Amino acid sequence: MVSLNQLVIVCLTYVAGLFIVAFAAERAALRGHGDWLLRSPLVYTLSLSIYCTAWTFYGAVGYAARSGLEYVTIYLGPSLIMVAWWWLLRRLVRIGRAQRVTSIADLISSRFGKSNLLAIVVTTMAVIGVTPYIALQLQSVTLSLSIFAVSEAPADGAVPDLGSSALWVAVGLALFTVLFGTRNLNVNERHHGVVIAVAVEAVVKLVALLAVGIFVVWGLAGGIENTLARIDASDIGQWRVDGSRWAALTILAAAAFVCLPRMFQVMVVENDDERHLQIASWAFPLYLMLMSLFVVPIAVTGLDLLPPGSNPDLFVLSLPLSEGQNGLAMLSFLGGFSSATSMVIVATLALSTMVSNHIVMPIFLAVRQGGASQSGDVRNVVILARRLSILLIIGLGYSYYRASGGSGALAAIGLISFGGVAQFLPALLGGIFWRGATRAGALSGLATGFALWMFTML
């Protein structure tokens, strides 16, 4: 039996290990050592796994249990972008390097005459749009802790209150992001320590999900043939495709893959060599395929073996625990924990850069009228602005989590954020490919789409 105290100790040890990895990477980057690893296509590809959050680790199984094979659209959209449209990503990387772009707000504004008003609108939309996604990560960690709490509680005992766990997770993530995201200012806004930590977490969550899948197929279902027979007998295995819905979800996932601030950060800002995209164009879809390989077997087996009413979002944890596989359950928890924490760290890092560059600093320089008298003065203001922005953004995610009551399927919450950030795509593509695109058109399109999104989804 895994106790909550043991779980906390393992989490703290794991986070401490990430601190060490990130710190060592930063020191190596400053000294010019380890370039073969820090700037390798392997690390770049693994950093793209920031797309795979707690939604894909936990929520994909729940999505499959509720909606059948429709969960495939969440993986299909990014895979199509990487395989068929990687030239678009290369174009973004080239523009980003040529114009020293630091965020998606910076890129969109630069394509429309360096309009700071447009950058402010994009930044505000991004912060509001990503807030539900941060809340999703906090919810996933709290739900996974509740599974261990239920298994630990006596048959006639009360389950401990875990209401404060989301708050402590949020505080810890804010601390990590502040320490490794705002230690110094880089003209290119690159964070080698954070990227290496994300790459390590990518390996952890992939190994964890594969381990649970192998256990389910060969340890519970009795092999591949029995698993396929179980799937055929289940409603999940029925190939019912609503063409318009599948197309809409696939396009939404593809748009989010390009427009999510955290994806833009790792894909464009952190890119050291555009040739890395050629390898990532097949390696990242392969990573997504491995992440989705056991989703259906886990969902079907969970529906068959676990009590009715069990939360399908947590089958990845519930199945090992129900069979007494505490070590595997602990590994699964770390996989989900990695998925959630890596997303929050990079997302808040990207958003804090946007807030400080496009909102705080213009106000500060306007108040100072003539500008700051010393470069160190500006530097301190930027660092402080980013640290406060990180606290604000994670605080908004926690507030949304509390206001929503932590209810709803994880996949449903994720789609809300996908819909929000997808509003950037027309302005992004218009600014790159359409010479007739204007700032007024971009602003009106963003405002209209964002208003409809808030009314219909948020």
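**Pocket, core and aromatic pairs**

The largest pocket has a volume of about 600 Å³. This is a predicted model, where local features need pLDDT of at least 70 and side-chain atom pairs count only at pLDDT 80 or more, while totals for chains, interfaces and linings use all residues. Residues are numbered from 1 along each chain as its sequence is written, and side-chain values use heavy atoms, leaving out hydrogens and water.

**The largest pocket**

- A pocket is found on a 1 Å grid over the protein atoms alone: an open set of points where a 1.4 Å probe fits, with protein on both sides within 12 Å along at least five of seven lines.
- Its volume is the space filled by probe spheres set on the points, which are joined across faces, edges and corners.
- The lining has 25 residues, and the closest to the pocket centre are V8, C11, L12, W168 and V169. Lining residues have an atom within 4 Å of a point.
- Helices α1, α8 (116-152), α9 (165-181) and α17 each supply at least two lining residues.
- The largest share, eight residues, comes from α1.
- Helices are DSSP runs (H or I, at least four residues), numbered from the N terminus.

**The nonpolar core**

- The largest nonpolar core holds 153 residues, with Y51 and F424 making the most contacts inside it.
- Such a core is a set of buried Ala, Val, Leu, Ile, Met, Phe, Trp, Tyr and Cys residues joined through side-chain atoms within 4.5 Å. Buried means under 20% relative accessible area, with a 1.4 Å probe and protein chains only.
- Beyond its neighbours within four places in sequence, F424 is in contact (heavy atoms within 4.5 Å) with I104, I108, V122, M125, A126, C259 and L446.

**Aromatic pairs**

- The count comes to 16 aromatic pairs. Rings of Phe, Tyr and Trp (its six-membered ring) pair if their centres lie within 6.5 Å; planes under 30 degrees apart count as stacked, over 60 as edge-to-face and the rest as tilted.
- Y14 and F337 pair edge-to-face, at 6.3 Å centre to centre and 70° between the planes.
- Y14 lies in α1 (residues 4-31) and F337 in α17 (residues 326-367), so this pair ties together parts 323 residues apart in sequence.
- Y14 is buried at 13% relative accessible area, and F337 is buried at 10%.
- F284 and Y287 are stacked, because their ring centres are 6.4 Å apart and their planes at 10°.
- Both lie in α14 (residues 276-292), three residues apart, about one turn of the helix.

**Cluster and charge**

- Y51, W55, Y133, F257, F284, Y287 and F418 form one aromatic cluster.
- The charged end of R262 sits over the ring of Y133, 4.6 Å from its centre. The rule asks for CZ of Arg or NZ of Lys within 6 Å of the ring centre and within 35 degrees of the ring normal.

Note on methods. Buried means under 20% relative accessible area, exposed over 50%, partly exposed in between (1.4 Å probe, protein chains only).
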